[in-house]
Amino acid sequence: MLGEEPGFRRFLTVRLRRYRMPDGREVEWDVMGPESEDGISAGITVLPLTPDGRIVTIRMFRAGPDRVVTNLPGGLVEPGEDVAIAGARELEEETGYTCETLDVVGWQWSGASSTFRKYVAIARGCRPEGKQQLDEAEDCVPVELTVDALRTELRTPGAMTGIDAAYLALDHAGLL
């Protein structure tokens with residue numbers, strides 16, 4: 001990297017970075033992430049499993065696709081917050097479900113031009129025993145799906161976002 005200059009800053013932060021490529025050329029890239037003034041730089045996606053093996057998903061409006069899609073619950077990891085604690089918190093806030101255990105199984109970059117880490121966790125023993133507490137821009141409706149129904153959602157173009165994290169979680173859970 002040869003340099004960086006600020007670009008757009010709101011929920012998403014976009015910076016312009018200049019790089020020298022291996023062949024000597026210089027190129028510019030837009031690099032994004034939700035890094036904010038309060039230090040948020042990571043998120044968590046949770047695969048919630050009920051005792052009978054169903055998967056708790058949420059249906060919610062997403063501005064990119066401009067429609068309601070299926071998601072796994074998740075959200076931002078607060079600065080200094082343990083990733084597993086963030087996962088359990090986001091699970092309850094978005095779905096009203098609590099879990100007996102939650103294991104962080106990995107992480108991935110949010111995109112090829114992103115500095116945002118998206119952690120992936122598996123929550124087991126999930127039950128609707130908590131309280132849903134949605135943010136102003138959230139309209140999450142919890143929906144329990146069978147593994148087969150979730151796999152159908154994953155294969156249906158445009159039906160779901162966060163597919164990469166869902167596949168990673170399903171793989172770690174032995175459900176592929």
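A salt bridge here is a side-chain nitrogen of Lys or Arg within 4 Å of a carboxyl oxygen of Asp or Glu. The model is predicted. Side chains of opposite charge can pair when their charged atoms come close. The structure holds 13 salt bridges.

Start with Lys118 and Asp164. Their closest N and O atoms are 3.1 Å apart, so the pair meets the 4 Å cut-off and forms a salt bridge. The two residues are 46 apart in the chain, and the bridge links distant parts of it. Lys118 belongs to strand β9, Asp164 to helix α3. Which of the two is buried? Lys118 is, with a relative accessible area of 13%. Asp164 is partly exposed, at 37% relative accessibility.

The crossing is left-handed. On the α2 side, Leu150, Leu154 and Arg155 make the contact. On the α3 side, the contact is made by Ile163, Ala166, Tyr167 and Leu170.

Now turn to Arg89. This residue has a salt bridge with Glu81, at 2.9 Å from N to O. Arg89 also has a salt bridge with Glu93, where the closest N and O atoms are 3.4 Å apart. Arg89 and Glu93 both sit in helix α1, residues 83–95. They are four residues apart, about one turn of the helix. Glu81 counts as buried, because its 19% falls under the 20% limit. Glu93 is buried too, at 17%.

Salt bridges also join into a network. Arg18, Arg20, Glu26 and Glu28 are linked in this way.

Finally, consider Glu138. This residue lies in the loop between β9 (117–124) and β10 (141–145). Glu138 is buried yet has no salt bridge. Where is the nearest side chain of opposite charge? That is Arg62, 6.5 Å away. What does the side chain of Glu138 reach instead? It reaches the backbone nitrogen of Asp135, at 2.8 Å. Leaving aside neighbours within four places in sequence, Glu138 is in contact with Met60, Glu94 and Gln133.

Methods: Residues numbered from 1 in each chain as written. Predicted model: local features only at pLDDT ≥ 70, side-chain atom pairs only at ≥ 80, totals over all residues. Heavy atoms only, no water. Buried < 20%, exposed > 50% of the residue type's maximum accessible area, 1.4 Å probe, protein only. Lys, Arg positive; Asp, Glu negative; His and termini not counted. Polar contact = N/O pair within 3.5 Å; in protein donor to acceptor, adjacent residues only side chain to side chain. Contact = heavy atoms within 4.5 Å. Left-handed = near helix turned anticlockwise from the far one by under 90°.
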